[in-house]
Amino acid sequence: MKIFLKSFVFLFLFWMSTSLVFADNVKEGNRLYDSGKYQEALSYFMKPDAANNPATMNRIGYMYKKGLGIKENPEEAYKWYRNAAEAGFAAAQFNLGLMYQHGKPIPENMNEAIQWFRKAADQNYPDAEMKMGYLAVTGTGVKKDYKEAMQWYRRAAEHGDVGAYADIGLFYDKGQGVKKDPNRAVQYYILGAEKGDSEAQLFLADSYAKANGVPYDANRALYWYRESAKNGNVLAMKVLSGIYKLGQLGVQKNDAESQRWLDMAEKAEKKQ
């Protein structure tokens, strides 16, 4: 009995020590990665115990895809994503779906892409839910279905993707899959705008400027156009350029200010 207990204690302590080493390798690798020390991070990620962790596999795949700390290698990225995806890691399933969608580095296969997107979406992964919504609304690889798209966008919003609010608002604005309701659309634009989504901010500004779903309000329109532009929305920058060029929404014509916003838009477009 004593021998059995000693053996059990030894095995337990050994398991605990290896688990701590694994945790330390992943933790240290992530710390170095977050600090931009990619080569050092990869040395920890590649340790056998850490490299068997699905989240780490996905990160290694991303590093190979982007050439972070190692030479860019799409084929290796695919291998790591695939291993993590097959292990059930939602982010890797989404990343693998993108590879099949775009045909890099493997042949394009939309059916395969959708299968992986759906696996990730079924795990409530917001990016995949947004993707499924986009595919349904555009009819890409699936039958165009606004109602199904709306369901996916609602799920994405529930799981933290603030960009989904603008899409949901558009459905109500255009009456696609739901009864046309500009006022309801504005409610969703407000939700997204207040959470910092530049597209929702742009749509909300348009609503105030055009009295669509809310009373006309030049000050609120200008405020949200500016917020959207500050958040990098190129179209909002161009709209502001036009506003100052023509003297709209109660502002005086100002060619210098118009040109400033136009220059900002051109600069932002080059970065995209």
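1. A pocket here is an open set of grid points with protein on both sides within 12 Å along at least five of seven lines, and its lining residues have an atom within 4 Å of a point. The model is predicted, and the points below should be read with that in mind.

2. The largest pocket has a volume of about 220 Å³. Its lining consists of Lys65, Glu72, Pro74, Tyr81, Asn95, Leu98, Met99, His102, Lys104 and Pro105. Two elements, helix H5 (74-86) and helix H6 (90-102), each give two or more residues to this lining. H6 gives the most, with four residues. Sorted by class, the lining comprises five nonpolar, two polar and three charged residues.

3. The peptide bond joining lysine 104 and proline 105 is cis, with omega at about 0°. Proline 105 sits in the loop between H6 and helix H7 (110-121). Most peptide bonds are trans.

4. A further backbone point concerns asparagine 124, where phi is near 65°, a positive value in a residue other than glycine. Asparagine 124 belongs to the loop between H7 and helix H8 (126-138). Most residues other than glycine have a negative phi.

5. On either side of that loop are H7 and H8. Their axes come within 8 Å and cross at roughly 135°. Angles over 145 degrees would count as roughly antiparallel; H7 and H8 are therefore oblique to each other. The crossing is left-handed.

6. The contact of these two helices involves Met110, Ile114, Phe117, Arg118, Ala120 and Ala121 from H7, which meet Ala128, Glu129, Lys131, Met132 and Leu135 from H8. Eight of the residues in this contact are nonpolar, none is polar and three are charged.

7. How are helices H14 and H15 oriented relative to each other? Helix H14 (residues 234-246) packs against helix H15 (residues 255-271) at an angle of about 165°, with the axes 7 Å apart. The two are therefore roughly antiparallel. H14 passes H15 in a left-handed crossing.

8. On the H14 side, the contact is made by Val234, Met237, Lys238, Leu240, Ser241, Tyr244 and Lys245; on the H15 side, by Asp255, Glu257, Ser258, Trp261, Leu262, Met264, Ala265, Ala268 and Glu269. By class, the contact of H14 with H15 has nine nonpolar, two polar and five charged residues.

Note on methods:
Residues are numbered from 1 along each chain as its sequence is written. This is a predicted model: local features need pLDDT of at least 70, side-chain atom pairs count only at pLDDT 80 or more; totals for chains, interfaces and linings use all residues. Side-chain values use heavy atoms; hydrogens and water are left out. Axes are lines fitted to C-alpha atoms, for helices over the stretch in contact, and angles run from 0 to 180 degrees between N-to-C directions. Angles under 35 degrees count as roughly parallel, over 145 as roughly antiparallel, 65 to 115 as roughly perpendicular and the rest as oblique. A crossing is left-handed if the near helix is turned anticlockwise from the far one by less than a right angle, and right-handed if clockwise. Contact means heavy atoms within 4.5 Å. Ala, Val, Leu, Ile, Met, Phe, Trp, Tyr, Cys and Pro count as nonpolar, Asp, Glu, Lys and Arg as charged, and the others, Gly among them, as polar. On a 1 Å grid over the protein atoms alone, a cavity is a set of points where a 1.4 Å probe fits but cannot get out, and a pocket is an open set with protein on both sides within 12 Å along at least five of seven lines; lining residues have an atom within 4 Å of a point. Grid points are joined across faces, edges and corners, and a volume is the space filled by probe spheres set on the points.
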